[in-house]
Amino acid sequence: TSMAAPTIAGNAGLVRQYFMDGFYPRGSKTSADTYTPSGMVMKAVLLNGTNPVLGSGPSDQFGTGNYGWGRGWMDSNLWFSTTPSAFGDDNRRLRLFERTNASGLKTADVHEYTISNVQAGQELRATLTWYDPEATGGAALTLVNNLDLEVVGPGATLYRGNVFASGVSTTGGSADIRNTVEQVRLTTPAAGSYTIRVKATAVPGGSRANTNRQGYALALSG
C-alpha cells in the first residue's frame, strides 16, 4: 500500500546501517565488524523480526497472501548491548548465516546449525531466504531450486517452514514447494537445544551458470 512501501523502505535503510556501522554481532558499534549485507540477508532479517497481523478467517493468517508476514518491527530482531529495556526486549540475540551460490547447497545437501541455550517461553524464530534462478516461461510451478527449512526441538519435535496455526508453527504439514521464504515461529518454545536445518530438496539449476548450487541467508533470533 502507499504507506507500507515507504515504511519498509525506511526499515530496510536502518537495518543496512546496523550492519554497515558494525553493530552485528556484538550489539555495539565496532569498526572491525562492518559488513555489507546482501539482498538475501536484508530480506531474512526484515522478515525475521515482524509482528504478526492475525485476521479472523483461515486465509487471513500470518504467512498467507492476505496478511503476509505482518508489520515490520526491527527491535524484536536487532540486538543492542546498551538499549534500555523500555525500548524493547534485548534478551533475544540475532544470529545470521549466509552462503553464496559458490558455497551453497547441491541436491540432497543439508546444512545444520544448533542453538543450545533457548530459554523457555522466549520467542524463537528462524527465517530462510534465497534468490532462485528464473523459471521457464509459462511454467505452472515457478520455483526452480527448492530449499526447505526445518527446526528440531527437544524430544525430536519437528517443525517445517511455513506450517502455521494461528500465527505459530505447528508440527505436521508438508514442506513448502512454492516459496523462496520459509519461516518457523515458536512463541513459547521449550527450553533446550534446537537444530535448524537447511535442506536442498531439489537444486537442478537453471540456464545461467553457477545455479546448480543454491546460496541462502538464514536469520535466527531467540
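Two strands count as paired if DSSP finds at least two bridges between them. With that in hand, here are some close-ups of this predicted model.

**View 1. Strand 4 and strand 9 side by side.** Strand 4 covers residues 146-153 and strand 9 covers residues 192-202. Seven bridges join the two, and they pair in the antiparallel sense.

**View 2. Helix 1 from end to end.** Helix 1 spans residues 4-20, a run of 17 residues. From its first C-alpha to its last it reaches 24 Å, close to the 24 Å expected at 1.5 Å a residue. Just after helix 1 comes glycine 22, with a positive phi of about 85°.

**View 3. The buried residues of helix 1.** Which residues of helix 1 are buried? Asn11, Ala12, Val15, Tyr18 and Phe19 are, each with under 20% relative accessible area. Seen down the axis of helix 1, the buried residues fall within an arc of 115°, so they line one face of the helix. What do these buried residues pack against? Their partners are helix 2 (39-48) and strand 1 (94-99).

How values were computed. Residues numbered from 1 in each chain as written. Predicted model: local features only at pLDDT ≥ 70, side-chain atom pairs only at ≥ 80, totals over all residues. Heavy atoms only, no water. Helix = DSSP H or I, 4+ residues; strand = E, 2+ residues; numbered from the N terminus. Expected span 1.5 Å × (residues − 1). Buried < 20%, exposed > 50% of the residue type's maximum accessible area, 1.4 Å probe, protein only. Arc of directions from axis to C-beta. Contact = heavy atoms within 4.5 Å.
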